[in-house]
Amino acid sequence: MTYPPPSGGWNDPAWSGQQSSPPADPARPVSGNPVPTQPTGSDPYAADPYAGGDPYAGMMHASGQPGPAAYPPAYPNYGYAPAMRTNGLAIAALVLALVGIGSCVTAPIGAILGHVAQKQIRETGEGGEGMAKAGIIVGWIVTGLYLLVVLFYVAIIVFAISQADTSSTGY
């Protein structure tokens, strides 16, 4: 089986055919244009830096203040992103879910508020998505644990009542 000859100036030693052109010299420019020379003109370093006078005379900021034009005016919160508003329902969802650890009523309310907060965050683009998600997770876990505890107590009470009925009748 034969393959076509390599292209692009690569010389394959296993190929027995003759190369169509010599390999490209990496030091030469790709096109026929000559290598550009250094710019000519006046020497920017010819001025005497110790001659005296104000080197920034006549320069103005964009704000209209005198001084070097190379420095931009100072802005409040320069370099920082503006603060994003946090959804209030997301905060309430997390707080109620955590309070639900001590009171069984507020955990499911926190989970439901977390779902509502997530919908609002998707619509408005506010912050607090993590708090809403944490409120949902903590709220439903605490609600599930409380339901298991209630079912366990109901099972113990039913078992105790059934044992008390059989032992008191004497059968």
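**Helical content and side-chain pairs of a predicted chain**

Of the chain's 171 residues, 15% count as buried, a term that denotes under 20% relative accessible area, with exposed denoting over 50% and partly exposed the range in between (1.4 Å probe, protein chains only). The model is predicted, and local features need pLDDT of at least 70, side-chain atom pairs count only at pLDDT 80 or more, and totals for chains, interfaces and linings use all residues. Residues are numbered from 1 along each chain as its sequence is written, and side-chain values use heavy atoms, with hydrogens and water left out.

The chain holds three helices and zero strands, where helices (H or I, at least four residues) and strands (E, at least two) are DSSP runs numbered from the N terminus. Among contacts (heavy atoms within 4.5 Å) with a separation of 6 or more, 53% join residues 24 or more positions apart.

One salt bridge was found in a search of the whole structure, the term requiring a side-chain nitrogen of Lys or Arg within 4 Å of a carboxyl oxygen of Asp or Glu. It is formed by the side chains of Arg85 and Glu126, at 3.5 Å from N to O. Because Arg85 lies in the segment before helix H1 (88-99) and Glu126 in the loop between helix H2 (106-124) and helix H3 (129-169), the pair ties together parts that are 41 residues apart in sequence. Arg85 counts as exposed, at 62% relative accessibility.
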